[in-house]
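Hi,

Here's the structure I said I'd pass on.

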Amino acid sequence: MTDDNAPVRFDTKIAVLLRDDLETWQRLNVTAFLVSGLGTQVPEVIGKPYADADDTPYLPMFRQPVMVFAGSKEILTGAHAKAVSRGVTLSVFTSDLFATGHDEANRAAVRAVRRDGMDLVGLAVHGPRNAVDKILKGASMHP
């Protein structure tokens, strides 16, 4: 007999790392933006659509937890360098994006700055559990 409610241990991890000096609204906004692209690039992270007892349809969501971490600007910069060097799926949010108003302006703002000069406020990664754990070394679980 199997327990359908037993926790599943995934061999991959989805994690968001936020700079620890962001305001609450910024943390929520950045997190939403960062994870929004994962399903388009890594479709296997998306589960099946939902429906309630009345058969009202709902969108599918990630099939695994999203872990949210916080860290200093230095931890974020180090995590970014490790993620790039390991080739994991990665999204970034820079402080410049708080001043833009649409997707095209967001891409232009990121494009205008060299990788090592970005003022990162958040990143999201997806990859093998052990690689993601090493990338996030020094960060703490978001409170």
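This is a predicted model: local features need pLDDT of at least 70, side-chain atom pairs count only at pLDDT 80 or more; totals for chains, interfaces and linings use all residues.

Let's start in helix α4 (residues 103-111), where R107 and D103 sit four residues apart, about one turn of the helix. Helices here are DSSP runs of H or I with at least four residues, strands are runs of E with at least two, and both are numbered from the N terminus. The R107 and D103 side chains form a salt bridge at 2.2 Å, N to O (a Lys or Arg side-chain nitrogen within 4 Å of an Asp or Glu carboxyl oxygen). R107 is partly exposed at 49% relative accessibility (buried is under 20% relative accessible area, exposed over 50%, partly exposed in between; 1.4 Å probe, protein chains only).

Residues are numbered from 1 along each chain as its sequence is written, and side-chain values use heavy atoms, leaving out hydrogens and water.

The salt bridge count comes to five. One of them pairs K13 with D133 at 2.5 Å, N to O. K13 is in strand β1 and D133 in helix α5 (residues 129-135), so this pair ties together parts 120 residues apart in sequence. K13 is buried at 12% relative accessible area, whereas D133 is partly exposed at 37%.

Another joins D21 and R19 at 2.8 Å, N to O, and R19 is buried at 11% relative accessibility.

Cheers
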